[in-house]
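Dear colleague,

I am passing on to you the structure shown below. My notes on it follow, and I would be grateful if you read them alongside the sequence.

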Amino acid sequence: MKRLASIAAALLIASSAMAQATHYRDIKAQPLRKFSMPQPKRVVLANGMVIFLQEDHELPLINARATIRGGERNVAADKAGLVSIYTQSWRTGGTTDRTGDQLDEFLEARAARVETGGDTDSTVVTMDVLKADFDTVFPIWLDVLRNPAFREDKITLAKTQANTGISRRNDEVGSIVSREATKLGYGPDSPYARQPEYATIASITRDDLLAFHKRTVHPNNIIVALIGDFDSAQMEKRLRDTFGSWARGPQVEKPELPAYAPKPGVYAIAKDDVTQANIAMVHPGIQRNNPDYHAVQVMNEIFSGGFSGRLMQRLRSQRGLTYGVGGGIGANWDNPGLFRVQMATKSGTTHESIEALRGEVTALTNSPVTPTELALAKESILNAFIFSMDTRAKALNQQVLLEFYGFPADYFTRYPAEIQKVTAEDVQRVAKQYVHPDRLAVLVVGKEADFERPLSTLGTVTPIDITIPSPDAPKAGAAPAAGNAEGVALVNKVADFIGGKAKLEAMTSLRRSASLSTPQGEIPIEAFVQFPSSIRTEMKTPMGSMVRVVTPTAAFMVLPNGAQDMPGSMKEQSLTELKTDMFTVLRNIGNPKYTFTAGATEKVGDVDARILDINADGANARWYVELATGRVVRTVTRGAQGEMTADFSDWKTFGGINIPTKSTLSQNGQQAATVTLSNAEVNAAADANTFVKP
Amino acid sequence: MKRVLLAATLLVLTAAGLSAQDLASFEKRTHTRTLANGLTVIILERHDAPVFSYATIVNTGSAQEVPGITGLAHMFEHMAFKGSDRVGTTDWATEQKALARVEETYAAYDRARRAETNRDEAKVAELEKAWKDAIDEADKYQKGDEFSEVVDRAGGVGMNAFTASDITGYFFSMPSNQFELWAYLESERFRQPVFRQFYKERDVVMEERRMRTESSPFGRLFEQFLATAFIAHPYGFSGVGWPSDLQTFSATDAAAFAKKYYVPSNMVVAIAGDVNPTEAWPLIEKYFGRLPAAPKPEPLRTTEPKQISERTVTLRETAQPIYLEGYHRPAATHPDSATYDVISMLMSSGRTSRLYRSLVRDKKIAAAAAGFNGFPGEKYPNLFTFYGVTTPGHTPEEIAAAIAAEVERIKTEDVPAAELQSVKTRVKAGLLRQLANNSGLALQLAEAQTLYGDWRELFRSVERIDKVTAADIKRVANATFTPQNRTVGKIESVAQTTAKTTQGGAK
């Protein structure tokens, strides 16, 4: 033992004979030489296409990338996964002139690549070619961009691949925690979180893919970026000749995504074949255009930058609890990101780690940032700034990104000055403003039997079922049961209260005028329903009038800046709303696609109400019905915004139909608005233009 | 030597579009020196932006471990971020004594707890306490994150390291005005590594094992597969370490390992970027020259004996199936290596590859299928490994049969000239595409220099691939892909039942 210790001591002693007295603190760095990366040339064609050209003569290579507006967020939820099927079969399905297999042979023999890809916001067609082969490969890239064939065999192949992904998504615990935390944070229906299912993949047709191509691939939706060994002037002429005569098409718009916040609390997923618990904590984050963005970046660096951030230092280096831990406030370019903290630890230190993480999150909001921390974070960001523009390709990619999301071209140039300005007070303030320990959804994935104690010691635990719905299982939200006789009796009682079945069946349309009272002010709203399935709503907001129209054949919006097609997800949502609308439901008593299940009795306010669960052709609603009268006191529906609750306090009869005149709307338990009905007209005639796109 | 390289590779690469001038310029911009202590340093000038990347490659990996210290090469890699006698301490003289005390108390505790008979629990608890107290005392004098902090503050990015079976690598990128700081830090961490916070970091590494290996079905399969395929060579050991070793070895063990293997003659440093050699060499001499010279470690003794019968390892998991089959092949330095590379490309590269076309496109039994070299390393004889990831409803047996059919074709039919040419063209273009990235270049130059003793092998390998013939492919395939040379590893899916037991460590 003595010997061991002396060996250890010998090994630990500095070999001072060799060492010189230098210390890193004595090394003074010269200022970095002045440098600015050449920026790409920007060209805008008359048809709206934007082109960036970046010369790079180091190697005889040319790369091209067409970025096209429109991605998974422009797809309806029941076709979730469409963009992955689309972008796989886009290239593999070939063009009208050549099969994908022929393209494979041709391109691989030249070590060239033409590929397609996509994500939530956009799709891309890329080319990577040796300069010498540019003239033969460029036409192929163009052909893929404009004339894809989406051959059925390759759609089938893409679906097989997508189904493989679905079947394997619960195999690795890391992917479970990332995916489910994202779903908790954005809401399960958000295009930034939702998952393809066997059923949604199966429903995707070749026509859907062609339609998505037709909808998105227009010059005014495309940013083309080229980099490599070419002459910009010549290349510009070539691209102008190639794209100049291409006519504009409809603009792809970013869909409005409803705000969402998870219900705070503990969520659990059981995974038995692991020795670690994976922990994630989420709540909404910020958007990139937030004026506090730069202060948030400094906060993130202090919290979790590199190996020297608080999380790595305190949870990994000092306590040995984890290999990987990280977090911070996320900022997406054109929609809010997530505040997110994630870590993995051995099962036996799960609670210890949750406490430690919560402690670090709370410390952000209530204990000061030290001057040393602030200086380290700012210097780290500023000194590493050069790496955001150290290649011509990065400079090009930045310009494409800024163009795509509508940010000024000098956005990144201004970045260091913005970071420089951030003070300790700023960091403290943004932490308080955007980090909320009490609003966190905490997800734990692991083998609970091996934890220090049950998760229930943390309070109510919401289990999350990640069982993969089998290919032939009914779609989520489909009727769980055929309903019950009591349910039918109860809904008939409601029909009687409203005015009787005969009156309801005679109703062909309903016009309602109301005022929506929100924290932002009073908004007049007019809704016109042409039964069974057309609806027009018009809101007079301070920014101008907003019209939404959904009919069996059309779905569009008219906004102050013009008319445009409604994104699929919004159309889907409107149709669901219409299906579960009280009058639609009552007109469908007896329709086999509508089932009614009476459940328990609950107090709503001081009213004894019976729960009526309705499955309306796949959409779900829950009504609370006053036992004595058949009056509906509350409805609850689930949509993209989460849970919507309406409480009705006043009713009035219009044309023999009893209609609520006063309702309070709540979203996820938070009161959002009150609606006061001023007038209603049964069987009002529609104007000729009511459902026509201007 | 240099001229031979130029003449040969020019011919090959100009076909891929690189001009003679470009290549000559590449060689002209690459400078190599071996310092007096045996350290090889390569500088590649790329002056586009004021940044540089580097990679330090140590010619030591988990293959240098023996039972009892498995995982130690990787453990040392973690410790190389903890500083030296000058970086990471608040009071070295005191910390040094405290660390010696940690080792002394650990040795006592470790011996007592591992007693095979008459283990004295009370004594173990007492010794453990003494050890933990010693750790707490030593911790008072450490600033274990100082190394990382200095790099972060100076604008360093991408700081990380890896431990492979063959080599250990360290890398990051810096603004070019920080070259001297970098030269100081990078030499300092190997001049006098101090094993502070060793036992905390051992817990971190244990977490890494739980994450990558124990809690992942693929991780579990790869570990079992290698342990089955290699019965003598250390390629069969767990790279991250067997749990028992990981929870036993000491800082003293790590120091002994470093003393033996982390010697300048066994290391290569490659730098790529905005570095001026006339200014850089004196700084490199000044700082890296501090590393004490020591003899190169003895080459490995054990060679994997010839496999004489097929082996199979099957994991029954709740996860979806996967199929692997590995065949022993010679080391990367063997003349047939280029032929193995071509076989891998033919089988796996792109949508024209044979496995993609058969298993993925036509039969639709696999979502991905490939055959690759160098598992788990390439310095020593290793495995050519085929794999297939099943699509829903398909089994490892179907994958095995479809791979066998393609292997049979490659053994019996000449590869058509156009197909072979397509592969060769892609290899050349692939090299070309790697030449414009500082960190990738630094790593590749250092790796080639380490494995072959000359960075120019990066280019020569392309030249050798260009010479591979259809006859070579048939010969090598027939010699390699035989049942008695095969190890099969697979996951078969079972429905979730009761909780599975896992390999130690959770408590």
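**Findings**

Helix 10 (residues 293–304) of chain A has 12 residues and spans 16 Å from its first C-alpha to its last, close to the 16 Å expected at 1.5 Å a residue. Please note that this is a predicted model. Of the 12 residues in helix 10 of chain A, 11 are buried, so the helix is largely enclosed by the rest of the structure. Among the buried residues are A:His294, A:Gln297, A:Asn300, A:Glu301 and A:Phe303. Just after this helix, A:Gly306 adopts a positive phi of about 50°.

Strand 11 of chain A is likewise largely enclosed by the rest of the structure, because 11 of its 11 residues are buried. Strand 8 (residues 276–284) of chain A runs antiparallel to strand 11 of chain A and is joined to it by 9 bridges; in one of these pairings, A:Gln276 has A:Lys346 as its bridge partner. Strand 10 (residues 325–332) of chain A is also antiparallel to strand 11 of chain A, with 6 bridges between them, and A:Gly328 is partnered there with A:Arg340. Strands 10 and 11 of chain A form a hairpin, with 3 residues between them.

As for the contact between the chains, 82 residues come from chain A and 83 residues from chain B. Elements of chain A that give two or more residues to its side include helix 5 (152–167), strand 11 (336–346) and helix 13 (371–384). Helix 1 of chain A provides the largest share of that side, 7 residues. The residues on the chain A side comprise 37 nonpolar, 27 polar and 18 charged.

With kind regards

Note on methods
Residues are numbered from 1 along each chain as its sequence is written. Chains are lettered from A and ligands numbered from 1 in the order in which they are written. This is a predicted model: local features need pLDDT of at least 70, side-chain atom pairs count only at pLDDT 80 or more; totals for chains, interfaces and linings use all residues. Two residues are in contact if their C-beta atoms, placed from the backbone, lie within 7 Å. Helices (H or I, at least four residues) and strands (E, at least two) are DSSP runs, numbered from the N terminus. Ala, Val, Leu, Ile, Met, Phe, Trp, Tyr, Cys and Pro count as nonpolar, Asp, Glu, Lys and Arg as charged, and the others, Gly among them, as polar. The expected span of a helix is 1.5 Å times one less than its number of residues. A residue is buried if 20 or more other C-beta atoms lie within 10 Å of its own, exposed if 12 or fewer, and partly exposed in between; C-beta atoms are placed from the backbone. Two strands pair if DSSP finds at least two bridges between them.
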